[in-house]
Amino acid sequence: MGSKYTKRYTEEFKRDAIALVDSSGKTVTAVARKLGISSESLRGWYRRAKADRGEGESGELSSAEREELKRLRKEVRGQQQTIEILKKATAFFVKENDR
């Protein structure tokens, strides 16, 4: 299997796998082995689910917080571009009035 190929799992499958870790008392590695998936994948899903429930590591963002951060960064970029355009326009009109 090439490194470009990554198997995609449904949200339902991920939820079920996470629930299995929570309910079985088995380790993430043991559950991943049983399901035939990589333990890194399951560990990532499990960590994200915990963060989304407010049980993550301190400083770890929930999915909603990550989405909001992405949206805000995009908004700030747009505002910075607007400010640059306004600065150039202001400089242009100041020059025009000096003639």
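## Nonpolar core

A nonpolar core is a set of buried Ala, Val, Leu, Ile, Met, Phe, Trp, Tyr and Cys residues joined through side-chain atoms within 4.5 Å; buried means under 20% relative accessible area, exposed over 50%, and partly exposed in between, with a 1.4 Å probe and protein chains only. The model is predicted: local features need pLDDT of at least 70 and side-chain atom pairs count only at pLDDT 80 or more, while totals for chains, interfaces and linings use all residues. Residues are numbered from 1 along each chain as its sequence is written, and side-chain values use heavy atoms, with hydrogens and water left out.

The largest nonpolar core holds 11 residues: Ala17, Ile18, Val21, Val28, Val31, Ala32, Ile37, Leu42, Trp45, Tyr46 and Ala49. Two or more residues of this core come from each of H1, helix H2 (28-35) and H3, and H3 gives the most, with four residues. Helices here are DSSP runs (H or I, at least four residues), numbered from the N terminus.

## Packing of H1 and H3

Helix H1 (residues 11-24) and helix H3 (residues 39-52) have axes that come within 10 Å and cross at roughly 85°. The axes are lines fitted to C-alpha atoms over the stretch in contact, with angles from 0 to 180 degrees between N-to-C directions. H1 and H3 are therefore roughly perpendicular to each other (65 to 115 degrees).

On the H1 side, Phe13, Lys14, Ala17, Ile18, Val21 and Asp22 meet Leu42, Trp45, Tyr46 and Ala49 of H3; contact means heavy atoms within 4.5 Å. The residues of this contact divide into eight nonpolar, no polar and two charged. Leaving aside neighbours within four places in sequence, isoleucine 18 is in contact with Leu42, Trp45, Tyr46, Ala49 and Arg53.

## Aromatic pairs

The structure holds four aromatic pairs. Rings of Phe, Tyr and Trp (its six-membered ring) pair if their centres lie within 6.5 Å, and planes under 30 degrees apart count as stacked, over 60 as edge-to-face and the rest as tilted. The rings of tyrosine 9 and phenylalanine 13 are stacked, because their centres are 5.0 Å apart and their planes at 15°. Tyrosine 9 is partly exposed at 22% relative accessibility, and phenylalanine 13 is partly exposed at 26%. Ring pairs link Tyr9, Phe13 and Trp45 into a cluster.

Phenylalanine 92 and phenylalanine 93 form an edge-to-face pair, 5.3 Å centre to centre with 75° between the planes. Phenylalanine 92 is partly exposed, at 46% relative accessible area, whereas phenylalanine 93 is exposed, at 51%.

Terms used
Parallel < 35°, antiparallel > 145°, perpendicular 65-115°, else oblique. Nonpolar A, V, L, I, M, F, W, Y, C, P; charged D, E, K, R; others polar.
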